[in-house]
Amino acid sequence: MKLGPTIRNVLGRWIHGLILTVALCTIAQDNWPQFRGEQSLGVAGNKNLPATWDTNKNVAWKTTVPGMGWSSPVVWGDKIFLTSVIRDGEVEPPKKGLYFGGERKTPSTNTQHWVVYCFNWQTGKKIWEKQVHEGSPSTSVHLKNTYASETPVTDGEQVYAYFGNLGLFCLDLNGKEVWSQKWGHFKTRYGWGTAASPVLHKDRIFVVNDNDDRSFLVALNKKTGEQLWRVERDEKSNWATPFVWVNEQRTELVVPGTKKVRSYDLDGKVLWELGGMSSIVIPTPFAKSGLLYVCSGYVGDNTRPVFAIRPGASGDISFKEGETTNKHIAWYDKTAAPYNPSPIVYGDYFYVLFDFGFLSCRDAKTGKEIYEKQRINPEGTSAFTASPWAYDNKIFCLSEDGDTFVFQAGPEYKLIGKNSLGEMCMATPAIARDSLIIRTISNLYRIKDTAAKK
């Protein structure tokens, strides 16, 4: 049977799309290129991922990471990339939990070393380290923050390491600096420091720096570092990583803020904006099944909203007085958002991990509450900063104590396990192939189910 040109073209596009989809799925399983992984979802479909571990069980390797940093590891091929800042002299250890008094308004006068590390996937041995800067910091950070809290991003050809009070550094996979961009340092709220990670899309890398001096969003050519555009932002300090939303209508860059969540086109023009956030914005947006999820939940505010947004919005889509939905916002809850961890959608459900140690579940499409806040640690209180992740019909929540609480996914709240590493943890883990990569305050673990079938 002969096919006409129209049918051949349609079939050809369908096959091309299928091949691309398979390729993207393969990349997503083999690599973990940015904070929260491919599409910022924090979800993996890999087979034989570990469900139980401790400091000895299911540890493929453990390696020491010098210095301090709460950036997450990223993975490409046989390489794991991580950033850290090493301070000469004594270091004040961070204190767990939420509290007042963590401000350190005067920067340290000690010399510090801003470093990018590359570790071998199979062995955990250090392949190379690259010091990108040495000196005393120009700004302070909160006791629980670090000068290396932004997660690097990679495209498998280069790795991009951003240190918010220093600049963006592009290295090749052998650790050689290709280019750098330094915008100077800026004051942050109460001297808390920075944390928003860079994001990549095709030939561009995007960086947001919301601060108390002069906030901006910038797009750079990823190959050369050339600035393509820069827009000033009417915002003060925020800590949320932007999100590239590829939806059925267009590609847009979603950047949360205290005053407004703004969506930009790829040339820096505002497409839509949304008010009503809490006074501190940290969680990263993400999209699933046609909806964009944006939230902020500073614990000291009465307004801690979650918004589920439909594609195609334009202009100001903020609620008018008395509204709780409109044609652009599928569902909304005024007090459902977390402070530090980003939420997660897994299957049909929207899960929120709260800093004080609670988990809640909603219908992802409607926002209907499935189960209200449930205390995670039945033995006492635990603080949570790392974002949850999911695979194999399980939800994983990593506490600052280094305990990962494992829950059955679905409409029933059921704690099924706890895995302990005995060290402070604030970095969100990476997932690649058959392994989980966890950063503690002083070590990097590759966790693998040694009993899993090959």
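User: Which residue in β15 is the bridge partner of F243?

Analyst: In β15, F243 has V254 as its bridge partner. The model is predicted.

User: Where do the side chains of a regular strand point?

Analyst: In a regular strand they alternate between the two faces of the sheet. For a further case of pairing, take β29 (residues 403–408), a mostly covered strand with five of its six residues buried. Strand β29 pairs with β28 in the antiparallel sense over five bridges, and C397 stands opposite F405 of β29. β29 is also joined antiparallel to β30 (residues 415–420), again by five bridges. There, F405 has K418 in β30 as its bridge partner.

User: Which residues take a positive phi in the hairpins of β29?

Analyst: Look between the strands. The hairpin of β28 and β29 has four residues between its strands, and G402 takes a positive phi near 90°. The hairpin of β29 and β30 has six residues between its strands, and there G410 has a positive phi near 120°.

User: How many residues make up the largest nonpolar core, and which have the most contacts inside it?

Analyst: The general idea is that in soluble globular proteins nonpolar side chains tend to be buried together. In this model the largest nonpolar core has 30 residues, and W53 and Y391 have the most contacts inside it. Among the elements that give two or more residues to this core are β3 (79–87), β4 (112–120) and β33 (443–448). Leaving aside residues up to four places away in sequence, W53 touches several residues, including Y391, F396, L436 and I447. Apart from this core lies another, of 18 residues, with A240, F243, W272 and L274 among them.

User: Is F356 buried, exposed or partly exposed?

Analyst: F356 counts as partly exposed because its relative accessibility is 46%. Its place is the loop between β24 (349–354) and β25 (358–363). Together with L98 and V299, F356 forms a nonpolar patch on the surface, with about 250 Å² of accessible area for the three together.

User: How many salt bridges does the structure hold, and what parts of the chain does the pair K222 and D155 link?

Analyst: Side chains of opposite charge can pair when their charged atoms come close. The structure holds 22 salt bridges. In one of them, the closest N and O atoms of K222 and D155 are 2.9 Å apart. This pair links distant parts of the chain, 67 residues apart: K222 is in the loop between β12 (216–221) and β13 (227–232), and D155 is in the loop between β6 (153–154) and β7 (158–163). Both K222 and D155 are buried.

User: Are E157 and K223 buried or partly exposed?

Analyst: E157 counts as partly exposed, because its relative accessibility is 46%. K223 is partly exposed too, with a relative accessible area of 43%. The side chains of E157 and K223 meet in a salt bridge of 2.5 Å, N to O.

User: Which residues does one network of salt bridges join?

Analyst: Start with one pair. K260 forms a salt bridge with D316, with 3.5 Å between the closest N and O atoms. K260 lies in the loop between β15 and β16 (261–264) and D316 in strand β21 (residues 315–316), so the pair ties together parts 56 residues apart in sequence. Salt bridges that share partners join E235, K260, R262, E273 and D316 into one network.

Technical notes. Residues numbered from 1 in each chain as written. Predicted model: local features only at pLDDT ≥ 70, side-chain atom pairs only at ≥ 80, totals over all residues. Heavy atoms only, no water. Core = buried A, V, L, I, M, F, W, Y, C linked by side-chain atoms within 4.5 Å. Buried < 20%, exposed > 50% of the residue type's maximum accessible area, 1.4 Å probe, protein only. Contact = heavy atoms within 4.5 Å. Pairing = 2+ DSSP bridges. Patch = residues over 30% accessible without salt bridge, like charges linked within 9 Å, V, L, I, M, F, W, Y side chains within 5 Å. Areas by Shrake-Rupley, 256 points an atom, 1.4 Å probe, with all protein chains shown as cover. Salt bridge = Lys/Arg side-chain N within 4 Å of Asp/Glu carboxyl O.
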